[in-house]
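Hi,

Here is the structure I promised to pass on. Have a look at it first, and my notes on the contact between the chains follow below.

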Number of protein chains: 2
Amino acid sequence: MTDAATPPFTTRQVRLRERPVGYPDDSTWETVTEQVPAPGPGELVVRVSHISLDPAMRGWLNDVRSYLPPVGIGEVMRAGATGTVVASEHPAYAVGDAVMGSFGVTEYAVSDGSGVTKMDLDVAAAPTWLGALGMPGMTAYFGLTDVGRVQPGDTVVVSGAAGAVGSVVGQVAKAMGCTVVGIAGGPEKCAWLTSIGFDAAIDYKAENVLKRLREVAPKGIDVFFDNVGGDILDAGLANLRRGARVVICGAIASYNETSLPDGPRRYMSLLVFRATMTGFVVFDYEDRYPEAVEKIAGWIADGSVVARETVVTGGVDAFGSTLLGLFEGTNTGKLVLALEEDGRGVTAG
Amino acid sequence: MTDAATPPFTTRQVRLRERPVGYPDDSTWETVTEQVPAPGPGELVVRVSHISLDPAMRGWLNDVRSYLPPVGIGEVMRAGATGTVVASEHPAYAVGDAVMGSFGVTEYAVSDGSGVTKMDLDVAAAPTWLGALGMPGMTAYFGLTDVGRVQPGDTVVVSGAAGAVGSVVGQVAKAMGCTVVGIAGGPEKCAWLTSIGFDAAIDYKAENVLKRLREVAPKGIDVFFDNVGGDILDAGLANLRRGARVVICGAIASYNETSLPDGPRRYMSLLVFRATMTGFVVFDYEDRYPEAVEKIAGWIADGSVVARETVVTGGVDAFGSTLLGLFEGTNTGKLVLALEEDGRGVTAG
């Protein structure tokens, strides 16, 4: 990163070199140095502080029709990020503004302002704006309330529970008066979940999830919020309650598979339990983000929601390895890549 | 069957001898002769004319928790049926009344009247009361309207389209102003579907369903009504339209499998298309059957719905082989076993 305060100067950025088959590796990415021009009319230039690592990124690398177009070969890798405006010819943004947006894996980004929002660092530090107050938090909130139609007293089970979305799902459900069970990998994650208020946590690496769910949710599951897919989704389907809502948020277990994974073998449970399985994409709720931010910020302020991030340093060069870590489950809470040495706005993971 | 007009006399009936593994066979059933007593207070005796053959019967033979308890070893096989009251000590039923109910695979049944309804043979013959005006018709109507939330102009695709439920689904959807595509096995069934008004029919035995759906439903599927499961469900999932409703009615392709079948590998399409997959059981709509009967009877009267049955003769002894035929797809429309030589109320298949 250069020391220049205003452009033109250079930025390093990570581009998609070739589409991965299975897990991304070094051949997937190339890091290039580009010139950052002075902003044109209606543009702003952002110095990126933190980059969001999301499971959905893996899907964006595949050349298939989906809810967003794939990242093109040679394009800067798409990523949510936070940063500071360092130059602006945009009427809504001034130098020094703290902002978030889809800036990509880059040190500096030029933007026309679309999809850019200001963030209040007095409410929370930048990594939290990528986590509980960012896309994962929005995903948790709308997935639970709008898609899952959660009600006080419901039994809510969430997979990937120690992740960015799952940890907020569980805490929001608790704040709404539900009984909450989290499924996560390893004793540390499970201990953390119960420490932040989950009624029970199941370690899928050590326990039989199907049997344990029967024990900890004896009345059955009202809302199963799935981030994982595979056998864990099946274990949930086997333990539904009549009228249950299964929320399909993601399937991290299969994102790096080279063929279509097995589907949920127990999907006929939907019939037995008169249940619904619904998929959603958080971007559809963009108009309502302020509602969710206000709610979650309130729960963070009163201690109902603990926002946790795992912050990795190393700059854009560390992007590829950090993304792999996401699929290995190295993170607890939101996984964030910090670009700035001073760690400004960084909450220790 | 005896010629006696009033009990006591004997009845032959089919009982569950042992639970089948895979397809039922001769060892599954035993035919026994029982004494039919004179009715006690509040009871009626029905001479059964027609027995309904339903894919769901296979599930009732498994010793697993489901929407109905399994048929017990030694119990008369559960079956919907039509017949005539031949003796009655029940205030609501008189000798000669035409009735339908869950009488089982038996020549005569003693009933306390629960679940028994009268049928009007002027509206339709008895086999139709087991088909378009019976459980399959109710399943089609409520699955489409209540679960599938069908709207005029929707593209509706139904699998098992030439079956008892599927053929009514397609015709009701047409009557409601939808574009309708049926998936069925073989050219005869497909030709029949287009002859009764389906906009297109796909022969899954000869065609690539996934590709053909893309051709005949280029805007995508709004309602996919699934009776089959397996690859056909996946082909539907790959061709949804945004906001689609997938109605899980059955999975005949897997009912005789000895292990859990593969699930829908493309279930993540639910996320891409913001779609919902919902299971249901028709018995939940029992209170609203009269609404559906009135609607469907109206459509039969005005020619919008053609009620078709495949009627097999041979008495209760033919039950086992007739049930196997259901899973081999021998029937077009509703499969019914006739017990009476005179064929009273029988519509030729």
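Across the interface of chain A and chain B, 13 residue pairs are in polar contact, both residues at pLDDT 80 or more. A polar contact here is a pair of N or O atoms within 3.5 Å; within protein, one must be able to donate a hydrogen and the other to accept it, and residues adjacent in sequence count only if both atoms are side-chain atoms.

Please keep in mind that this is a predicted model: local features need pLDDT of at least 70, side-chain atom pairs count only at pLDDT 80 or more, and totals for chains, interfaces and linings use all residues. Residues are numbered from 1 along each chain as its sequence is written, chains are lettered from A and ligands numbered from 1 in the order in which they are written, and side-chain values use heavy atoms, with hydrogens and water left out.

The two chains have six salt bridges between them (a side-chain nitrogen of Lys or Arg within 4 Å of a carboxyl oxygen of Asp or Glu). One joins the side chains of Arg274(A) and Asp284(B), at 2.6 Å from N to O.

As for contact (heavy atoms within 4.5 Å), chain A and chain B contribute 35 residues each. Together they bury about 2,900 Å², 59% of it on carbon and sulfur atoms; buried area is the accessible area (1.4 Å probe) lost on being put together, summed over both parts. Arg265(A), Tyr267(A) and Leu271(A) supply 23% of the area that chain A buries against chain B, more than any other three residues.

Best wishes

Technical notes. Buried area = accessible area lost by both parts, 1.4 Å probe.
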